[in-house]
Every structure is written in C-alpha cells, then in structure tokens.
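Me: I am new to this structure. Please take a close look at a single part and tell me what the side chains do there.

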Amino acid sequence: MSTPHNSAKPGEIAKTVLMPGDPLRAKFIAENFLENPVQFNSVRNMLGYTGTYKGKKVSVMGSGMGMPSIGIYSYELYKFYDVENIIRIGSGGAYSPELDLFDTILAKDCWSESTFAKVQSGDESDIQTPSPELNQKIIDAAKKLDIPLTLGRIHSSDVFYHEDDSTDDFYKNHGCDVVEMESFALFHNAKVLGKHAACLITVSDSFVTHKETTAEERQTSFTSMMKIALEAAIS
C-alpha cells in the first residue's frame, strides 16, 4: 500500500510520528536520536524514517510548509498508515515579549483565520485543540527531562509574508503567543479521524525583539523540543 505522496509499505511507520516541517530536520533527528533508522519515504524529498528510541519504535517525517502540506501528509498517516499520534515539532515567531529565542512552547490550542477546517469538513470554528492525553505526555516528558516548557496559544497562519506586519491583533485580541503555519490543520485532521495530535514549537524569531535564528540553527539546534517529543512518544 502506498499513497501519491508516501511510498511506505504497511508496518513501516510507527504508531507515533514526530513531524517537523523541514524534511532535513527529520533526517537530523533520525541520524542523531534514533537507533537503526530506516528511510521509508523520499517522494517529493519529503523524508521519513523509522527507528527505535530507547528500544521503542518511533517514526519521524517532514510535513512541508503550510496547512495544505501538513493536511495531506497527516491525513494519509492517520487514514492509510494507522498512525495514532502525530507530534508536530516546528519553529515559530514569538508575539509575546516574554518569549525568547529557543524557548519551547506547547500548544494549548490553536487559533486561525484559515478556511481549512470549513472546506475539509464544514467545521467553522476558528479554534482547534490538541489531544489532552498527548499534551499531558509531553508535559510529563518535559518535567522528567527538566526542560522548561511554556503552554500557549498558537496562531496558525496561511500567509508568511503579510503586507501589514502588525501583530497586535493576533497577540492582544486573539491571545496568540507564537505564530506558525501548520497546527490548525493537524489538529483538525486528528479530530475528524479520531486520532491524537500535539504541537511543540521552538521560538526561531521574535516580532518583539526582531532577533532570529539561522536556517542551520532551525535545522539542527532545536534539540530540547526533539528530546521532549521523543520521550513523550515512548511513554
């Protein structure tokens, strides 16, 4: 069995998948954290690997950028590969002045102006939520590893380059602490299909201080988030 976007065979993907946006971050995780990783997908260079972590089977696969991309890959993983849990491990821009570069955020919920949920299933809510059970595993993992974790609201945007760069509305009126482009679609797909999803974000840049990380740092330096997700995946 395969899909137009995933060449994996039945049984090659674990029940829990870590999903960074960048496929090279998936490759980095596989090569640096998984034991005996095996690549199961390279279609469109969206790399996916399965290995073991502390003796337990875990997969990691890129999602690409934006809701349409993660919408496709997560739906196929849930629907056609019997994946139960997807933990997005992504980068995001901080709206909150209390957040600094490399801080790790766990999404308590996600607000978006996107029509993804409405078009996909008629769901007109502008807020989607993660799995409470999976979030709790992530919170427990962070405590176990003694890694600081902030619970916050995510703004999931369809647009990266805005003509109006103001973030006051998203931060003050909608309570969003950080912005990214995928979690709204992921949470919606999990809800529709009766699965579990969560989202961890590492702050890669700040709209307040205007500090930012490099492309290489985003690929290889967000290890706190990776370690939390891996620990949660095997709990």
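Reply: Start with lysine 211, which is partly exposed at 38% relative accessibility. Buried means under 20% relative accessible area, exposed over 50%, and partly exposed in between (1.4 Å probe, protein chains only). The model is predicted, so local features need pLDDT of at least 70 and side-chain atom pairs pLDDT 80 or more, while totals for chains, interfaces and linings use all residues. Residues are numbered from 1 along each chain as its sequence is written, and side-chain values use heavy atoms, without hydrogens and water.

Lysine 211 has a partner. Aspartate 100 forms a salt bridge with lysine 211, with the closest N and O atoms 3.0 Å apart. Such a bridge needs a side-chain nitrogen of Lys or Arg within 4 Å of a carboxyl oxygen of Asp or Glu. Aspartate 100 sits in the loop between S5 and S6, and lysine 211 in the loop between S10 and H7, so the pair ties together parts 111 residues apart in sequence. Helices (H or I, at least four residues) and strands (E, at least two) are DSSP runs, numbered from the N terminus. Aspartate 100 is partly exposed too, at 35%.

Now the rings. The whole structure has six aromatic pairs. Tyrosine 95 and phenylalanine 207 make a tilted one, 5.5 Å centre to centre, with 50° between the planes. Tyrosine 95 lies in the loop between S5 and S6, phenylalanine 207 in the loop between S10 and H7, 112 residues apart. Rings of Phe, Tyr and Trp (its six-membered ring) pair if their centres lie within 6.5 Å; planes under 30 degrees apart are stacked, over 60 edge-to-face, the rest tilted. Tyrosine 95 is buried at 4%. Phenylalanine 207 is partly exposed at 34%. Ring pairs also bring in Trp111 and Phe170, making a cluster with Tyr95 and Phe207.
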